[in-house]
Amino acid sequence: ANGKPNGTTTYHLEASDAKTDHTRWRLRDDDGRHTWHYLQTDEELKQWPMTVADRYFLGMDPGLPQLPTPRTPLQASENGLAFYTRLQLPPGNWACEYGGPMFLLPGLIVTLYVTDHRLSRPEEIEIVRYIFSMQNLGAKNGGDGGWGLHVEGDSSVFGTAMNYTALRLLGVEAEDERMRKARGCLLGLGGALAAPHWGKFWLSVLGVMEWEIVNPVPPELWLLPDWVPIAPWRWWIHMRMVFLPMSYAWSKKWVYPHAETDAVVRGLRQELFTLPYEEVRWGRYRNAISGRDNYHPKSWVLNLVNWFLVLVWIPFLRMGWLVQRAEKWTWRLIQMEDENSDYADLAPVNNPMNMLCCCIAEGPEAYSVKRHRERIREFLFMSKGGMMMNGTNGVQVWDTAFTIQALVGAGLATKPEYHEMLLKALQFLESQQFVDHCVGYTTSPTYSDPPTSKTSPETGYRSPRRGGWGFSNRDQGYVVSDCVSEAIKAILMLQTLKDPANPSRPLFPEVLSLERQKWAIDIILSLQNTNGGVASYETRRGGEWLEYLNAAEVFGRIMVEYDYPECTTACVTALSLFHSLNPNYRAKDIENFQKRAVQWIRTNQRADGSWYGSWGICFTYAGMFALESLKTQGETYENSERVRRACQFFLDKQAEDGGWGESYRSCETGVWCPHPEGSQVVNTAWVVIGLLEAHFPYKEPLERAVRLLMGRQQGNGEWLQEGIEGVFNKSCMISYPNYKFIFPVKALGMFERRFGGLEMNGSV
Ligand code: LAN
């Protein structure tokens, strides 16, 4: 059954595949922690009925009614909400299949295997189905039988070797027809010896490769004094938090204890390479990498460093005492990460790696390992195609904040039919604010209140977090600049909303006290870089030249923080809103921040009027934000050449049918690439919002776009999944399935508020 369910690409499933009974799966959401459960008994089924959201995520008909055909954009917006509201989960947040990256499940499967743990049978069955359903077969990405870095990507060694390995560890036979195909693809690309660094790491842990093939990951780097320009605390948080457990395991040269006798491992040794396992001289392949995987080739500097480490440092200078100190300190940092998040950890790459390190340090029966096993289940998500691993432990705060803002933007937040939904969303956001500091924070000599971007070893190099929000939930505990901003904005918008019939009466309770609002503002103010821009998790701590040490090969621009128009805008708009309500709090700081931030947005604009987006695809996403930033300083179409240039960029890209469609190739190449399937609902909504923010005066192009959005809407109010929406690290795509509701709802409502309804002559 091929088709486009709620995920992002076509699934390839064979009728012969084992499948669980999908009517038995239930999503549970405890205060923003979600886990899927497979009900075994009829009794359980009776007590825990299936919800609309369960059915929707599993690709079943959610059974929602057909709605009256909308006569106006606002009615279409409301029809969209009628559907989307039913997907809200009991604590008030939304969830989704947050897929895309194809290298997450394999890391987990390898870790569970080498630490002697299995998932439940239904979970394993569905993971096998998912991986097969994402295989490049038939019309999908060339159909060569492999897997790519992400679901829409061409087959690569990383994707293929790792997913093949995961399937074998889950019990799939090497002789399965699809496995033969996958092997053919892999060997054609050079076999696993041509895998990137991270692939070689996992396969060495499993005992399929020898550690010599892995370029050095010395934990000693963590002993460098803080002032050293390459010290790891300066790296982008995702890189250093992956490097951390990786360096610990590398230093231990830890290998799955039963590798020599394990039939699957022995099988993989024969299946993954272009030459017999016994003949491989591992050290020779350290730098081997297939062209398909080599998005960011290693620099000559890094190659030189690696040679030095291998030929001089490791054999002659790496003393026992130094190794011990380095391992002790990295282990402490790993523990801090686990403690700060109750083992949820930053993301699904470092989480399994930390679990592995806990097993190395404390054995498979330790509490740390058990707790990891529990928490890791919050990353697993059931979809029509099977069970996959989300890019984070959910999208709770982010999608909930955007949903609230969409209703406010559409002018619908005061309507009684949405009150309950919005109230729950509001209370959810309140409950997810970080109210404590990280481990070691208050005793640290760099402690400061209000927070600055200062950091220190005692805090595990974390920045202050009290008052912030993250992308997913409170447990994860990582401040992201735009997540704090979008969350506080959403809360302030609702808290200050007045009843239209009685303008002195607030419609929502004040859930977030002024004190806690100030904490959030303090966090935002601490996140500006010296050039005025704002990065993702922290201020920039190292120079861009650190990219010379980017060892991951498959990603670009990952070593340090960069400034982003998306993040910068979110902060600017949050500060504007707060300042308009509380003109006295840190007024000078806020004003300075805004001026410098918007100035950065101006300089970040390209000559053609566009902005490059780093977290959504791509120019349509960033343009929407940048235009909103400029508006806060009064810069609109009427008075600004810059804004007109930005609008013209969009107009030039508008398709015949009135929409916009942008391919993920824009992110990889930095040049506008039209979507091969034409206009996309999400891109179109972003542009409409951007143009309306810019006060673009002409109705006609916007009207055509609005008609496209309305024409794509289904009778029950839903929009169907189209191309993938998001990106990270330039090369890896990730889906944001709720965007197809959030942004059209907002765009349609904003349009009607500006221009009124449309002449509807029968059809749209
Ligand atoms: C995300 C998801 C959300 C995203 C936004 C908030 C949209 C963005 O504006 C700031 C950056 C952030 C928080 C972000 C950073 C990188 C993440 C966490 C991800 C793209 C989701 C998955 C990705 C993470 C790095 C995946 C694991 C892969 C590694 C290379 C470690």
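Keep in mind that the model is predicted.

Let's start with the ligand, which sits in the largest cavity. Its shell has 21 residues, and the ones that come nearest are Y98, H238, F471, D482 and F728. On its own the ligand has 630 Å² of accessible area, and the protein covers 99% of that. As for who does the covering, the shell splits into 16 nonpolar residues, four polar ones and one charged one.

**Salt bridges**

Over the whole model the count comes to 48 salt bridges. One of them joins the side chains of D449 and R466, at 3.3 Å from N to O. The two partners are 17 residues apart, and the pair links distant parts of the chain. D449 and R466 are each placed in the loop between α16 (419-431) and α17.

Most residues other than glycine have a negative phi, and most peptide bonds are trans. Two spots here go the other way, so here they are in a table:

| Site | Backbone feature | Value |
|---|---|---|
| I617 to C618 | cis peptide bond | omega near -25 degrees |
| N141 | positive phi, not a glycine | about 40 degrees |

Where do they sit? C618 is in the loop between α20 (587-604) and α21 (619-632). N141 is in a loop too, the one between α5 (121-133) and α6 (157-169).

Conventions:
Residues numbered from 1 in each chain as written. Predicted model: local features only at pLDDT ≥ 70, side-chain atom pairs only at ≥ 80, totals over all residues. Heavy atoms only, no water. Near = heavy atom within 4 Å. Areas by Shrake-Rupley, 256 points an atom, 1.4 Å probe, with all protein chains shown as cover. 1 Å grid on protein atoms, 1.4 Å probe; cavity = no way out; pocket = protein on both sides within 12 Å on 5 of 7 lines; lining within 4 Å. Sits in = over half its atoms within 2 Å of the grid points. Nonpolar A, V, L, I, M, F, W, Y, C, P; charged D, E, K, R; others polar. Salt bridge = Lys/Arg side-chain N within 4 Å of Asp/Glu carboxyl O. Helix = DSSP H or I, 4+ residues; strand = E, 2+ residues; numbered from the N terminus.
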